Amino acid sequence: MENLVQLSGIRKSFGGVRALQGVDFALRAAEVHALLGENGAGKSTLMRVLGGEYRPDAGTVEVAGEEPHFRAPSDAIAKGIAIIHQEMALATDLTVAENIFLSEIPTVISWRDLNRRAKALIDSLGFAIDPSATVGDLSVAHQQVVEIAKALSRNARVMVFDEPTAVLSVQDAERLLGIIRTLRDRGVGVIYISHRLDEVFRIADRITVMKDGASVATVGRDEVEIDDVIRMMVGRSLKALFGEDVARTPGEEVLRVEDLTDGDRIKGVSLTVRAGEIVGLGGLVGAGRTEFVRLVFGAERAQSGRIFIRGKETAIRSPGDAVRAGIGLVPENRKEQGLILDFPIRVNATMARLAPLVNRLGFVRRAREQAVAGDLARRLRLKAGSLGDPASSLSGGNQQKVVLAKWFHAGGDILIFDEPTRGVDVGAKMEIYSLIKSLAAEGRAVLVISSEHLELFGLCDRILVMREGRITGALGPQDYTEEKLLKLAMVSPAASPEKMVVN
């Protein structure tokens with residue numbers, strides 16, 4: 001079959017850093033070709049070459065058999081190449097129709113015709129979105145649909161999706177994968193970049209793995225297993241992805257929650273977590289998992305229920321109360337809730353426990369702050385130019401390590417992780433999993449929320465599943481299957497959730 005896109009021997013350097021070292025990549029019409037690799041492997045740089053943002057130092061770019069010599073992204077767009085970034089390039093103050101046909105607006109147009117054409121494009125993707133709605137008022141999933149419709153309005157033949165489901169719910173991610181299948185059926189060539197390997201194996205026809213700026217291999221989806229792909233990416237197997245199994249025996253109960261309710265989303269949740277134990281919270285997006293842990297952490301007010309720490313009932317009315325009680329929360333949205341992005345890394349890493357860092361007048365001793373942050377950075381293998389750099393300068397995986405560092409420094413007995421590896425690459429995931437296991441081995445009680453079922457299966461000693469603000473059942477390692485977890489996520493809540501196990 002003739003290639004729609006052919007990248008041959010692509011080389012690109014920035015200063016003395018070789019980002020791409022002779023990469024070959026081909027895309028056929030009517031296929032989904034997954035492009036995989038750790039952060040820094042060269043995936044985004046390669047796509048920026050294809051999208052006309054970068055000019056290669058060597059090598060050729062061919063589109064439909066022609067060598068177009070892109071000088072700017074507009075040249076690539078004119079050749080039918082569209083890149084759908086995770087951070088969407090939409091004018092949020094304009095309407096859906098205006099965004100889709102933005103390039104036509106300076107000309108004399110009919111607004112009625114513009115809305116009609118926009119509606120036809122969106123309807124063809126299986127969504128009902130008002131073309132006159134303001135884009136800023138739409139959900140993230142619907143904004144992505146607008147991006148796709150915008151690309152189709154320009155007759156895109158090649159569409160690149162860069163981490164498209166990273167910020168979507170499970171349900172919205174499924175709908176997006178359905179759109180991609182529709183695009184493939186129409187003859188569009190799709191390049192799919194994702195760290196979610198389960199999605200890749202459901203959607204891709206072929207897979208190319210990159211490492212250190214070079215292409216490792218291109219294989220058919222049916223020729224390999226997830227384990228093989230992980231080994232190509234990082235040189236280790238799926239089992240090794242979750243780090244070494246440190247010997248640990250769950251000890252005494254550290255956290256007990258009884259009938260916690262907020263009067264709205266959370267309806268009488270009870271659970272226990274013991275020292276040295278990792279307990280997972282599974283379920284679909286919207287099940288109430290995040291809302292529940294925010295109640296435990298005092299970020300939201302509970303209407304009723306009791307929280308016991310090491311057997312003693314503890315009143316937690318604010319995050320300050322939670323921190324003093326030894327609870328730490330790594331939130332789902334690290335950029336908005338876990339970090340102050342403009343502040344230095346050293347400040348973010350130490351802010352949860354300032355007492356050891358301040359002098360008698362209450363001023364922070366910078367040398368002590370730097371030393372403590374340096375120790376944390378070495379322990380967590382943080383990759384940063386300087387601890388004085390802002391947290392915003394770090395990659396997603398390293399930002400997550402800074403949030404972890406904050407709670408290492410705080411030294412609490414209970415740590416809650418809400419989607420701990422969202423948006424980070426496989427290598428960073430391995431390090432975060434090892435850190436979580438080491439915390440449990442030190443005797444901490446660990447609670448993990450994740451929408452990635454493999455993550456829960458690989459990390460947790462047991463999994464509690466939530467639906468509609470209640471725990472519907474529990475799974476032990478012998479019961480870890482997608483089917484059993486989803487059954488609990490979709491059935492009516494049971495009366496005695498912690499005793500229920502699906503067989």
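1. For the residue classes used here, Ala, Val, Leu, Ile, Met, Phe, Trp, Tyr, Cys and Pro count as nonpolar; Asp, Glu, Lys and Arg are charged; the others, Gly among them, are polar. By these classes, the lining of the second largest pocket splits into 17 nonpolar, 6 polar and 10 charged residues. Please keep in mind that the model is predicted.

2. The second largest pocket holds about 680 Å³ of space. Its lining has 33 residues. Nearest the centre lie Asp198, Arg202, Ser451, Glu452 and His453. Several helices supply at least two lining residues each, including α7 (197–203), α16 (426–441) and α17 (453–459). Which helix gives the most to this lining? That is α6, with 5 residues.

3. A probe the size of a water molecule, rolled over the atoms, shows where empty space is left. There are 3 cavities of 30 Å³ or more. The largest cavity has a volume of about 60 Å³. Its lining is made up of Glu163, Ala166, His195, Arg196, Thr421, Arg422, Gly423, Val424, Lys429 and Glu452. Sorted by class, that is 2 nonpolar, 3 polar and 5 charged residues. Glu452 lines the largest cavity and is also among the residues nearest the centre of the second largest pocket.

4. Isoleucine 416 stands opposite leucine 447 of β17.

5. A second open sheet has 3 strands, ordered β2-β1-β4, with antiparallel pairing. β2 (17–28) and β4 (58–63) are the edge strands, and each pairs on one side only. Neighbouring strands are turned by 15 degrees against each other on average, direction ignored. β1 (residues 3–14) pairs with β4 over 5 bridges. Valine 5 has valine 63 of β4 as its bridge partner. Helix α1 (residues 43–50) lies across β1, β2 and β4, at about 115 degrees to β1.

6. Helices α14 (residues 366–379) and α15 (residues 396–410) pack at an angle of about 115 degrees. Their axes are 10 Å apart. The crossing is right-handed. Val372, Leu376 and Arg379 come from α14, and they meet Ala405, Phe408 and His409 of α15. By class, this contact has 4 nonpolar, 1 polar and 1 charged residues.

7. Last, a loop. Proline 344 sits between α12 (334–338) and α13 (345–350). What does proline 344 touch, leaving out residues up to four places away in sequence? Its contacts are Leu387, Gly388, Asp389 and Pro390. Proline 344 and serine 386 are 42 residues apart in sequence, and their C-alpha atoms are 8.9 Å apart in space.

Terms used:
Residues are numbered from 1 along each chain as its sequence is written. This is a predicted model: local features need pLDDT of at least 70, side-chain atom pairs count only at pLDDT 80 or more; totals for chains, interfaces and linings use all residues. Side-chain values use heavy atoms; hydrogens and water are left out. Axes are lines fitted to C-alpha atoms, for helices over the stretch in contact, and angles run from 0 to 180 degrees between N-to-C directions. Helices (H or I, at least four residues) and strands (E, at least two) are DSSP runs, numbered from the N terminus. A crossing is left-handed if the near helix is turned anticlockwise from the far one by less than a right angle, and right-handed if clockwise. Contact means heavy atoms within 4.5 Å. Two strands pair if DSSP finds at least two bridges between them. On a 1 Å grid over the protein atoms alone, a cavity is a set of points where a 1.4 Å probe fits but cannot get out, and a pocket is an open set with protein on both sides within 12 Å along at least five of seven lines; lining residues have an atom within 4 Å of a point. Grid points are joined across faces, edges and corners, and a volume is the space filled by probe spheres set on the points.
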